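Hi there,

Have a look at it first, and then read my notes below.

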Amino acid sequence: VHPYLEKLSQQFQETAHLVVWNSRYDVIVADRIIGSSPISYKTAIGFITPAHTAASGRVLLAYTDTAHAEDYIGQADFANRAEPSPHSVFPVPRSI
(Lines give C-alpha, C1' and ligand atoms only; values in the text may rest on other atoms or scores of the structure.)
Protein backbone atom coordinates (compact mmCIF):
# COMPACT_ATOMS: atom_id res chain seq x y z
CA VAL A 1 0.00 0.00 0.00
CA HIS A 2 2.90 2.37 0.72
CA PRO A 3 3.69 2.98 -2.98
CA TYR A 4 0.04 3.97 -3.57
CA LEU A 5 0.17 6.42 -0.65
CA GLU A 6 3.34 7.91 -2.13
CA LYS A 7 1.67 8.30 -5.52
CA LEU A 8 -1.44 9.92 -4.00
CA SER A 9 0.64 12.27 -1.89
CA GLN A 10 2.81 13.30 -4.86
CA GLN A 11 -0.16 13.77 -7.17
CA PHE A 12 -2.12 16.01 -4.78
CA GLN A 13 0.78 17.36 -2.67
CA GLU A 14 -1.21 16.38 0.41
CA THR A 15 -0.70 13.96 3.28
CA ALA A 16 -2.03 10.47 2.56
CA HIS A 17 -3.02 8.13 5.41
CA LEU A 18 -3.83 4.44 5.64
CA VAL A 19 -6.22 4.06 8.56
CA VAL A 20 -7.57 0.66 9.62
CA TRP A 21 -9.60 -0.79 12.47
CA ASN A 22 -7.50 -1.35 15.58
CA SER A 23 -10.41 -2.77 17.60
CA ARG A 24 -14.22 -2.75 17.38
CA TYR A 25 -14.19 0.92 18.38
CA ASP A 26 -10.78 2.41 17.54
CA VAL A 27 -8.89 3.11 14.34
CA ILE A 28 -5.13 3.35 13.92
CA VAL A 29 -2.92 5.16 11.43
CA ALA A 30 -1.07 2.22 9.87
CA ASP A 31 0.96 4.23 7.36
CA ARG A 32 1.23 7.75 6.03
CA ILE A 33 3.14 9.99 3.66
CA ILE A 34 3.48 13.67 4.58
CA GLY A 35 2.44 15.97 1.75
CA SER A 36 4.68 18.62 0.24
CA SER A 37 2.13 21.40 0.72
CA PRO A 38 3.31 24.08 3.18
CA ILE A 39 0.16 23.42 5.20
CA SER A 40 -0.30 19.72 5.81
CA TYR A 41 -1.94 17.42 8.32
CA LYS A 42 0.59 15.35 10.23
CA THR A 43 -0.58 12.33 12.22
CA ALA A 44 1.88 9.86 13.69
CA ILE A 45 1.94 6.28 12.50
CA GLY A 46 0.44 4.28 15.35
CA PHE A 47 -1.96 7.07 16.41
CA ILE A 48 -5.14 5.46 17.80
CA THR A 49 -8.48 7.24 18.20
CA PRO A 50 -12.17 6.32 18.46
CA ALA A 51 -13.52 5.88 14.94
CA HIS A 52 -16.13 8.65 15.18
CA THR A 53 -13.49 11.28 16.06
CA ALA A 54 -11.61 11.03 12.74
CA ALA A 55 -12.85 11.57 9.21
CA SER A 56 -11.22 8.33 8.04
CA GLY A 57 -12.80 6.50 10.99
CA ARG A 58 -16.22 7.82 10.00
CA VAL A 59 -15.64 6.52 6.47
CA LEU A 60 -14.86 3.07 7.91
CA LEU A 61 -18.02 3.27 10.02
CA ALA A 62 -20.06 4.22 6.96
CA TYR A 63 -18.95 1.08 5.13
CA THR A 64 -18.96 -1.38 8.02
CA ASP A 65 -21.66 -4.01 8.40
CA THR A 66 -24.90 -3.07 10.16
CA ALA A 67 -24.23 -5.18 13.26
CA HIS A 68 -20.86 -3.52 13.83
CA ALA A 69 -22.29 -0.03 13.27
CA GLU A 70 -25.14 -0.67 15.73
CA ASP A 71 -22.69 -2.09 18.29
CA TYR A 72 -20.43 0.93 17.84
CA ILE A 73 -23.29 3.41 18.27
CA GLY A 74 -24.40 1.58 21.41
CA GLN A 75 -20.93 1.59 22.99
CA ALA A 76 -19.16 4.75 21.75
CA ASP A 77 -18.68 7.74 24.02
CA PHE A 78 -20.04 10.67 22.04
CA ALA A 79 -20.08 13.04 25.04
CA ASN A 80 -16.69 14.59 24.31
CA ARG A 81 -16.97 14.87 20.54
CA ALA A 82 -16.97 18.68 20.63
CA GLU A 83 -13.92 18.97 22.85
CA PRO A 84 -10.92 20.46 21.02
CA SER A 85 -7.88 18.27 20.75
CA PRO A 86 -4.43 19.48 21.82
CA HIS A 87 -3.80 20.05 18.11
CA SER A 88 -6.90 22.18 17.42
CA VAL A 89 -6.18 25.46 15.70
CA PHE A 90 -9.27 27.07 17.26
CA PRO A 91 -11.83 25.99 19.86
CA VAL A 92 -14.70 23.90 18.56
CA PRO A 93 -18.08 25.47 19.41
CA ARG A 94 -20.01 23.52 22.04
CA SER A 95 -23.14 23.64 19.81
CA ILE A 96 -21.70 21.18 17.29
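Leaving aside its neighbours within four places in sequence, L61 is in contact with W21, A51, H52 and Y72, where contact means heavy atoms within 4.5 Å. L61 also belongs to the largest nonpolar core, whose 7 residues are V19, V27, V29, A51, L61, Y72 and A76. A nonpolar core here is a set of buried Ala, Val, Leu, Ile, Met, Phe, Trp, Tyr and Cys residues joined through side-chain atoms within 4.5 Å. Buried means under 20% relative accessible area, exposed over 50%, and partly exposed in between, with a 1.4 Å probe and protein chains only.

Before you go further, please note that this is a predicted model, in which local features need pLDDT of at least 70 and side-chain atom pairs count only at pLDDT 80 or more, while totals for chains, interfaces and linings use all residues. Residues are numbered from 1 along each chain as its sequence is written, and side-chain values use heavy atoms, with hydrogens and water left out.

Now the sheet. It is open, with 3 strands in the order β1-β2-β3 and antiparallel pairing. Because β1 and β3 (48–50) stand at the edges with a single partner strand each, one side of each is left without a neighbour in the sheet. Two strands pair if DSSP finds at least two bridges between them; β1 and β2 (residues 26–33) are joined by 6. Helices (H or I, at least four residues) and strands (E, at least two) are DSSP runs, numbered from the N terminus. Within β2, D31 is the residue opposite L18.

Which aromatic rings come together? Y25, Y72 and F78 are linked into a cluster by ring pairs. Rings of Phe, Tyr and Trp (its six-membered ring) pair if their centres lie within 6.5 Å; planes under 30 degrees apart count as stacked, over 60 as edge-to-face and the rest as tilted. There are 2 aromatic pairs in the structure. Y25 and Y72 make a tilted one, 5.9 Å centre to centre with 40 degrees between the planes. Since Y25 lies in the loop between β1 and β2 and Y72 in helix α3 (residues 66–75), this pair ties together parts that are 47 residues apart in sequence. Y72 is buried at 2% relative accessibility, and Y25 is partly exposed at 29%. Y72 and F78 form an edge-to-face pair, 6.4 Å centre to centre with 70 degrees between the planes.

Happy exploring!
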